[in-house]
Amino acid sequence: MKSLFQMVLVVCFISAAVVAGLNAKANGFERSRILVDGDVFNVELAVTPEERSRGLMFRTEMANDAGMLFDFGRAADVSMWMKNTFISLDMLFIDANGTIVGIEKRTVPQSQTIIPTPKPVRFVLELNGGAADRMGFEVGEKVEGLPR
């Protein structure tokens, strides 16, 4: 009887671990943590063309310490937009050295207006609209913990 009980516990433990793993990647994105001016953000990584294309579309909320980091793999001129994105975002444009080179604040949800980067960037970090002002982020600050 004891071994049956142990087997049930093991099955429950494995099931919980699988569910936890699925929740860690619930939206299909890998996750990481980055540091902006001393503030930690739990970010989803948009690395593939499909992930970058989907981005934060159709989301209706996002935690204050969350965001999405778009990694283009190399510095390039990039354009973003808000089509099918239901929450206002701040976009931090980050060069290959991890320096913020531009900030687009409080983007308009569902807008199809093109938002170009001010210069070639490797990364775009999307945070909740108003986060840049609330946390005092400025052009020239460094972002730590970015992918290499």
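In the predicted model, 39% of the 148 residues of the protein chain count as buried. The accessible surface of the chain comes to about 8500 Å². Carbon and sulfur atoms hold 56% of that surface. Three helices and nine strands make up the secondary structure elements of the chain. Along the sequence they follow the pattern α-β-β-α-β-β-β-β-β-β-α-β. Among contacts with a separation of 6 or more, 69% join residues 24 or more positions apart.

In soluble globular proteins, nonpolar side chains tend to be buried together. Here, the largest nonpolar core has 18 residues. M80, M91, F93 and V124 have the most contacts inside this core. Two or more of its residues come from each of β3, β5 (89-94) and β8 (121-128). Another core, of 17 residues, lies apart from the largest one. V43, I100, L125 and V143 are among its members. Leaving aside residues up to four places away in sequence, M91 touches M80, M82, G102, I103, E104, T107, I115, V124, L125 and E126.

At least two lining residues come from each of α2 (49-54), β3 (66-76) and β4 (79-80). Helix α2 gives the most, with three residues.

Notes:
Residues numbered from 1 in each chain as written. Predicted model: local features only at pLDDT ≥ 70, side-chain atom pairs only at ≥ 80, totals over all residues. Heavy atoms only, no water. Helix = DSSP H or I, 4+ residues; strand = E, 2+ residues; numbered from the N terminus. Core = buried A, V, L, I, M, F, W, Y, C linked by side-chain atoms within 4.5 Å. Buried < 20%, exposed > 50% of the residue type's maximum accessible area, 1.4 Å probe, protein only. Contact = heavy atoms within 4.5 Å. Areas by Shrake-Rupley, 256 points an atom, 1.4 Å probe, with all protein chains shown as cover.
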